[in-house]
Amino acid sequence: MLFIKVPDMNDSVSDLSIDGKLYGLRFVYNEKYDYWSFGLYDENRQPIIAMTRLVPNFPIFHSYRYASMPDGIFGCLSQSDHVGRQAFNNGKAEFVYIPNVELEDE
């Protein structure tokens, strides 16, 4: 499992290498409705999946399968049903990537 730091910004893009391939991870906070969204981009900043609302303890791209996606799942882990603006800063939520090979071991 890879723990990913969510930047303390309302809109950010960070690079992450997974299995030797570079991805752009975009986190956007919606202030009006108090929720986070996540998007996955290729190395050229072209969207693989533009933006999906974060739901705690549920695989973010559960319904999506594209060859350009990494072989695993992204998710937001939290004891809370709601992940607000400060949840990643105050430790009430964590963002993770779990390779499928780790899921198969369990």
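Author: Met-1, Phe-3 and Leu-77 together make a nonpolar surface patch of about 280 Å². The model is predicted: local features need pLDDT of at least 70, side-chain atom pairs count only at pLDDT 80 or more, and totals for chains, interfaces and linings use all residues. Residues are numbered from 1 along each chain as its sequence is written, and side-chain values use heavy atoms, with hydrogens and water left out.

Reader: Why does Leu-77 count as partly exposed?

Author: Buried means under 20% relative accessible area, exposed over 50%, and partly exposed in between (1.4 Å probe, protein chains only). Leu-77 counts as partly exposed because its relative accessibility is 32%. Leu-77 lies in strand β6, residues 72-78; strands (E, at least two residues) are DSSP runs, numbered from the N terminus. Five of the seven residues of β6 are buried.

Reader: In what order do the strands of the sheet with β6 lie?

Author: In general, strands of a sheet pair through backbone hydrogen bonds, either parallel or antiparallel. Two strands count as paired if DSSP finds at least two bridges between them. Here the order is β1-β7-β6, an open sheet with antiparallel pairing. Its edge strands, each pairing on one side only, are β1 (2-4) and β6. From one strand to the next, the twist averages 30°; axes are lines fitted to C-alpha atoms, and angles run from 0 to 180 degrees between N-to-C directions.

Reader: How many bridges join β6 and β7?

Author: Seven bridges join this antiparallel pair, and Cys-76 stands opposite Phe-95 in β7. β1 pairs with β7 (residues 93-99) over three bridges, also antiparallel. Tyr-97 in β7 is the bridge partner of Leu-2.

Reader: Which strands form the four-stranded open sheet?

Author: That antiparallel sheet has the order β2-β3-β4-β5. β2 (11-18) and β5 (47-53) are its edge strands, and the twist averages 20° from one strand to the next. Within the sheet, β3 (residues 21-30) and β4 (residues 35-41) run antiparallel and are joined by seven bridges. Leu-25 has Leu-40 in β4 as its bridge partner.

Methods: Patch = residues over 30% accessible without salt bridge, like charges linked within 9 Å, V, L, I, M, F, W, Y side chains within 5 Å. Areas by Shrake-Rupley, 256 points an atom, 1.4 Å probe, with all protein chains shown as cover. Salt bridge = Lys/Arg side-chain N within 4 Å of Asp/Glu carboxyl O.
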